[in-house]
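Me: I'd like to go through this model with you, one question at a time. Could you start with the terms we'll need?

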Amino acid sequence: MLFTILIVSGITFSVYASDNKNLEGFTRVLEAVEEKHIEVFDCKAFGLTYDEVRYCISFVEISNPYLYGLSSFSCTETDGIVESINLTYSYTAEEMLLQRREIDRIISDIIADTEGLTNPEKIKVVYDYFADSNIYDYSIKTDESEEYNIYTLLTEHRGRCKTFSLAFKLIMDKLDIPCKVVSNLTSVKQDLDNETYHIWNKVYVSDEWLTVDLTKRLYLANNLLCMLYGLPIN
């Protein structure tokens, strides 16, 4: 088995896969499939297993903040290789478009409060917005029927680490501040619902990548905020 490092859409993750499998190509095609709301996808040419497909679908969820509409999927397999994927969406393409417009409107209001500030100051404004106006909702995990994504985070002000990180990166992208989503997802067989699964951010300021974790309310968990407040960086 070959250990491959894959970088897509500003996110770094690692995966074990045989050297003849194009996971990056599959992930990019899958993003296009979801953007077009395609329901049946013939993917046998990629030669992937179910675990690898599931892994890439999970990665799409943390690589494109706007692609949160997929609710479930099923696969047709032959000899352990996935031939096709059936995708089910929570929203229609029209509903997704309306939600995206509302997301962009809310983000524009947040960005308006950063006008004239330095990049570190802009990041602090965004961090404080989420820290002051939103809650980390543990009940979301126990209710599997409940949708949670950046739309519900920005409109209902509650979410989990994935939605906080994706919303933060989307805002940083619009502010032209280099930002990465960082995940401890390291194996195609990792339990994505495990309590140890976590996602956070890094931003590039002062010639280095500094940690910003919106789910941590203590400044000591955030290198950039430590710098702004004159506290020692861990």
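Reply: Happy to! Contact means heavy atoms within 4.5 Å. Helices (H or I, at least four residues) and strands (E, at least two) are DSSP runs, numbered from the N terminus. This is a predicted model, where local features need pLDDT of at least 70, side-chain atom pairs count only at pLDDT 80 or more, and totals for chains, interfaces and linings use all residues. Residues are numbered from 1 along each chain as its sequence is written, and side-chain values use heavy atoms, with hydrogens and water left out.

Me: How many helices and strands does the protein have?

Reply: Both kinds of element are present in the protein. The count is eight helices and 10 strands.

Me: What percentage of the residues count as buried?

Reply: Buried means under 20% relative accessible area, exposed over 50%, and partly exposed in between (1.4 Å probe, protein chains only). The protein has 234 residues, and the buried share is 46%.

Me: Which residues of H2 does H1 meet?

Reply: On the H1 side, the residues are Leu23, Phe26, Thr27, Leu30, Glu31 and Glu34. Their partners in H2 are Glu52, Val53, Cys56, Ile57, Phe59 and Val60.

Me: Which residues of H7 take part in the contact with H3?

Reply: Helix H3 (residues 93-112) and helix H7 (residues 161-174) cross at roughly 65°, and their axes come within 11 Å. H3 contributes Ile103, Asp104, Ile107, Ile110 and Ile111. From H7 come Leu170, Ile171 and Lys174.

Me: Is Lys162 buried or exposed?

Reply: Lys162 lies in helix H7. Leaving aside neighbours within four places in sequence, Lys162 is in contact with Glu61, Ile62, Tyr148 and Ile199. Its relative accessibility is 17%, so Lys162 counts as buried.

Conventions. Axes are lines fitted to C-alpha atoms, for helices over the stretch in contact, and angles run from 0 to 180 degrees between N-to-C directions.
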